[in-house]
Structure formats: structure tokens, C-alpha cells
Amino acid sequence: MSSEDEDTHDDESNGRSQSKQQQPHHRFSKPQDNFKMCLENGVIPDAAMIHAARKRRQKAREQGEFIPVEEPKEDKSKKRTVQEDGDGDGSDEDDDRIDMSAITGAKEREERREQFNAIQREDSDAEDSDIETKEWENQQIRKGVTGAQLVSAQQESIISQYLMQSSGRPASGNGHFSQTFHNNSNRRDRGATSGDDEDGTLAGLRALTTAELLEQAYATTSVGLAKRLGQSKPRSTIGGNVAQLSAPSKGGGMTGESKPTGGPRMPQQILTQLTERHRATVELHQKHEDDIEHITKEIKLLQMDHLSCEQRAPVAAAKYRFYQEFRCYVTDLVECLNEKVPLVAALEQRTLQLMGRHSAMLIERRRQDVRDQAKEMADACKTTAKRLPDDPERIRRAAEREGRRTRRRRDREKNETSDSHYDGMSSDDEIPDMEAARYRAALQSAELEARDIFSDAAEAYGEIEGILGKFEHWRDHDMPAYRDAYVSLCLPKIVGPLIRLQHITWNPLVPALDSSAGGGGGGGSGAVSDFEHEEWFRAVTLYGCRSDSASEADLTDDPDVRLLPTIVEKIFLPKLTALCEQYWDPLSTTQTLRLVRLLKRLVRDYPSLRLTCKPLRALFQTILDKLKQSVDNDVFIPIFPKQAQEAKSSFFQRQFCSGLKLFRNITSWQGILADGALKELAIGSLLNRYLLNGMRVCTAPDAIGKASTIVYTLPRVWLTAGSPVVQSMDQFVTMLRHLESQLEPAAAMNGELIEQIRKILSSLHVLSA
């Protein structure tokens, strides 16, 4: 572009500005919006036009002017024409005319207030508007220009600036680009004119290729940037910054002193950069070769794994089919048990209630007999009082009671055991034949109903051997998975309902065969107390056992080694607890001894039954509670004067022997229950409270005989020197010493009694007085 063109352009711009200044301008006049005109003509605005529009709006805000975004629409319906009357004839219409000046002033003030509020709102939204405008500009630029076009335009801009500055017309702030080329031209031809220098320089530059021009332009730009940075910093840091800018790249091999400050790169620099690039390429190539070698090894390993997987595929497929089938079996088994378990629990509860009613009937009958006999004895002592007529029910109960005693006496005479028997030691648990038959029929009905519960189930779902066979097949097929599935914890719950169903009438407190009229137990398999001879016990014991895995180490690692103890703990101990609570009679020596023997055997044979076992602790607590109830409700020893005492068949002797029998039953639990609890029941509650009171009203020979029986009933462990049991028998020892002091040593019979008292005291480790 020539200087004339520039002058013409400046004149035109000055003329336009003068014409704009001469045009009248109002504060609220609509400005000329070139930007809107361009948009209407379909022209895409560039960055300069957008920037100018933003500046114009900002200036309008600062001057307080309001430029609406859209042209307001005028409502023609609200316009009206004001016609002025030119005659001025002073008619009545002029008198009625209203002065609108005040209203117009208020309206103008209201409009100015609205304009001020609008300007304030636009000022608050200025930042958001600028951000949105800038984002819109960037989107428009990205839509119209590609990355390649931007790079090409940038290169053309750099070359054009470089050529312009080299020709002696640099842009403002960029005159340093042509310094190097001016110096070179001055050195070549100092006598030439400035115009000739510029023409020669331009000719030389045009002879270069585009790549060479870009290289020289970038080099000149870097040198100029270094100079500008050096001038803008303090003097102490100029040298360091220039050296940093002129230093070669890392590993280049050239120092900052040898690098030229301008012009094209030296051959040494090119060689250094090529060497560095070659080294980096070699390292990258080596890395790629290592990666290829690593990938090759991985491919080989994957091929081997693939081959191994193909070989194991049939085994995995067979295992998958097995687990799918076993999953279906377990699902069906769980559904079957969910349906049958409530029936088993209901039947078991009904059977326990049947046994409980039978035992409660016997206990209540015995207690009623005691009350009847006590009333008879009390009525016999009242000779002067008027006797009431006898109750028919009491007469019937007395007749039945004497009949049972007569039958037991005949049985003892037949067995020749009548001499060693004391009245009151036998259990009065006989019932009529009709009631016994009815009770046995109810138990047999429960057994038949138990057999019908799983009658519709297959062998693999309704029999213990079938279920254990399925799980044993899994155990042999995949032992690790079997162990990880915790099957050993689930098996007791799976086979538990079937075992409970087989022992629905199981009662170890009664004999196995009940041929007498008043057996009180169930017949058939329900009366079998030794469950270790049953088929399910053998199946559970042999579960998982093989001839080649009988070593101790294999049994230690066997997850099912505790299967049988767990079944006994989870099934039979709760069953025994329920039987003790509802059926067991502590006054029955037969039931007590059978229960004691069973518990001793279970504790001895099954190591898991320890004090930490919750079912076992619940069973022991039930036994203690039942013994306390029996001491409180079943012991009654009437106290009468000595002249009213009769022979062995008297009511007093019978009740004392009944209390002594309970004392023996309590002490039979020694070694199973805690000694402290048994001592409190036997010594504190029974001996000191009931038996000693009865012995004090007996004759000396009778009292000494009873004392000897009590001492020999006590466990030998309790009679050691310094034992807490011996120390708690102070009242018993005092009573013996009192009897010894009343006996005359001169009498022959008294000498034997005194010797017997001394033996009793010596067994208690107490010296006689």
C-alpha cells in the first residue's frame, strides 16, 4: 500500500467523522447500528466488529444512555391526535380543558426512574453478558476456521511481518525484526543509498523458500523477545536471561557463549540436534523392541493358557453341570423342608403336651393323696370336735390309693424285697388299664402321623441316608468347594427335622418296654432311650469316612468331624430340656436315675458338651428349677406328739421316707450339677428345714436310724475333712449330740445306739463329746 492511498484513507475517515459530528444527536435518539445491519445482510461478524460492538455498548452504559436490544414496538391503539383550536373564541370547552403539564412532568420523572433502574440492571448483568459474548465469538471462530487454516494464516502473518520489517517499514513495537538485515546490508554496501539497500534486501528475501523464511523469522522473533525481556528487567539479571534464551537444548553440546544471537542456525547446532534426535530415536526403538519381546512372551503364555483351558473345558463343563443339578436339588430340598418343618414342630409340641398332661396328672394325684391323708390325721386328733360327713370323692381317692399300695406290696412279696423296703419310697405312678391304653394309643397315633409327613417325598428328600448320600457325593467330587460352602454347618439343620420326626415320642425317662398297667411311657420305638443303636446314627457316624482316610491327621482336617456332636447338642439336648420341664418327676427315683445315667454318658462320649454349651446350660438350669419346685411342693412332714406316732405304716413315716427319697435323688446329681447348688437344695432347704424337724419328734432308735440313712446317702466327696457340706451340717451334728446325751450308757441297747452315733460323727469328721 502506498503513502497516497494512506492519505486518501485518512481524509475519508476524517470526513466521515466530521459529518458525524455535524449531525444533530439527541440523548435518546436511536444510534446507527452497523453490527445489526451486517447480521441482517448475512455477514459473519469478525472479532474486530464484535469487539467494537461491545465497546460501544459499554460506553453507552458509562454515559448513562440506554440502547435497547430490540426496537420497541409502538402501540397504535393507544395513540390519539391532539387537535388545537386556533379560533380561541373562549367557549365553554376552553374553560373545561385540563392542564396536562403536571401530569407530563410526573410521567417524565417516572420514565427517567425506569431508565435508571434498567441501566443498573444492565450493569449487574454486564459480566455475564461479556462471558456469553466471548463464548459465542469462540464458537463462531471455531465453526468458520479449521486448525490447518489457523496454522497457515499464522505462518503467512509471520512472513509478511518479517518482509515488511526487513524492507524498512516495521509495525509499531516490532522494529527490532529488521535490525539484523539492516546491519548485514550496511556491511555489504556502505556507500549505497537506503533505497537501494531495501530493494536488495527484499530481492534476497524473495529468493528464499518459504521454509527458510519461516526459519529466519522465528530466529529473529526469539532474539527480539530476548532483547525486550532484557530491557524490562533490572541490570543484574539481563545477562542471565539472555544466556538462558541463547542456551541450546538439553544435551545439545553447545554453550551459550558459542551460540549466535541472531540469524540462521549454525551447522554445529543442526548436528547437535540431529545427534540428540538420533539418540532419542534409538532409545525409543530399543524400548519398542523390548515391548515387542514382552508382548511376544505374553502371547506365548496366553496361547499356553488357552490350550490348557481347552484341555480343562470338559472337566469344567462336567463340574458346571454337576453344580447346576445340585443347585436344583438343594432348592427343592429347601422348599420341601420349608413345607414339612412346621408340621414336624407342631406334632412334636402336641406330643410333649400329651406327655406333660400325663405326668402332671400323676403328680397332682400324689399331692391330693397327701392332702387327703393330712386331713384325715387332723380329723383323727380332734376327738371332741364334731366330724363332718365324708366326701365321696375323697373316699374314692382313698380306696384307689389303698388298692395301688396293696398291689405294690404283693409284688414286693412276690419278689422277696419287702424286708428292705420302707413305705413312701415307691413312686405312686400306677394308672388304670383304660387310661394307660388311651395314653399309649395317643402316642401311637402321633408316631403314625410322623410317618405320614414325609410319605410323599422321594428318598433323596425324605430319608437321612438319601440326603447324606447327595452331600457326600459333593464332598468326594470337590472337597475345597464343599469346605468353602460351610456345608458342615448346614447339615445338622438339614437332617435335624428328620431326626426329630423319628424321635417324636422319644422318652428316656421311662423303661424301653412298658408291659405294666401304669408305665407312663410310650410304646414301640418311642420308648427306646439308646438312640445310638438306630440306623440314622450309623449313617451320620460313617458320613465322609473312607478306608484310606482313617489317619488322625485326616480326621483333624475333616470339616464334618463334629457332625454327630452337633446333632446331639442341637436336637437331643433341647428335647431333654422339654422332657425335664414337662414330664420329669423329681420324686421318681427311676426317672431320676435314668436321666442321670444318660447325661453322664452324653458328657463323657461327646466332648463338645461342656459348660460353654448353651443347650447344656439350659438343661441344667431346668433340672435345678424342677428340683426347687419339688422341694417346695412335694415335701410335707406332719409334726405330731410322740404318743401319736405309729409303726412304719403311719403317715408320718411315709412322708418322712418320701422326703428322704427326694434327698437321695438330689444327691444323685453330684458330678453333673454344681456342688454349691446341690448343697443348698439338699442340706439347706431339705435337711435343715424338713427332715431334722421330723427327726426331733421321733424316738431315739428311730432318729438314729434315719440319721444313719442320711449320712450314707451323702456323696463321699462331700464328707471330706473341711468340706463346705460338712460345715453346713451343724444342726444335724447338734441333734446327734443331743440324742447321745439322752441315752444311758449302762443299758445294753443304748450302748449300740451310742456307738452308731459315734460312727456317724466320725464319718462327718466330728469328735463326739
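For the packing I take axes as lines fitted to C-alpha atoms, for helices over the stretch in contact, with angles running from 0 to 180 degrees between N-to-C directions; helices are DSSP runs (H or I, at least four residues), numbered from the N terminus.

I note that this is a predicted model, in which local features need pLDDT of at least 70 and side-chain atom pairs count only at pLDDT 80 or more, while totals for chains, interfaces and linings use all residues. Residues are numbered from 1 along each chain as its sequence is written, and side-chain values use heavy atoms, with hydrogens and water left out.

Entry one: helices. I looked up α23 (residues 614-634) and α25 (residues 675-696), whose axes lie 11 Å apart at an angle of about 0°. That makes α23 roughly parallel to α25 (angles under 35 degrees count as such). In the contact (heavy atoms within 4.5 Å), α23 supplies Leu624, Leu627, Lys628, Val631 and Asp632, and α25 supplies Ala677, Leu681, Ser685, Arg689 and Tyr690.

I found five cavities of 30 Å³ or more, a cavity being a set of points on a 1 Å grid over the protein atoms alone where a 1.4 Å probe fits but cannot get out. Helix α12 (residues 267-381) gives the largest share of the lining of the largest cavity, four residues, where lining residues have an atom within 4 Å of a point.

Ser588 is buried, at 4% relative accessible area (buried means under 20%, with a 1.4 Å probe and protein chains only).

Conventions. Helices (H or I, at least four residues) and strands (E, at least two) are DSSP runs, numbered from the N terminus. Angles under 35 degrees count as roughly parallel, over 145 as roughly antiparallel, 65 to 115 as roughly perpendicular and the rest as oblique. On a 1 Å grid over the protein atoms alone, a cavity is a set of points where a 1.4 Å probe fits but cannot get out, and a pocket is an open set with protein on both sides within 12 Å along at least five of seven lines; lining residues have an atom within 4 Å of a point. Grid points are joined across faces, edges and corners, and a volume is the space filled by probe spheres set on the points. Buried means under 20% relative accessible area, exposed over 50%, partly exposed in between (1.4 Å probe, protein chains only).
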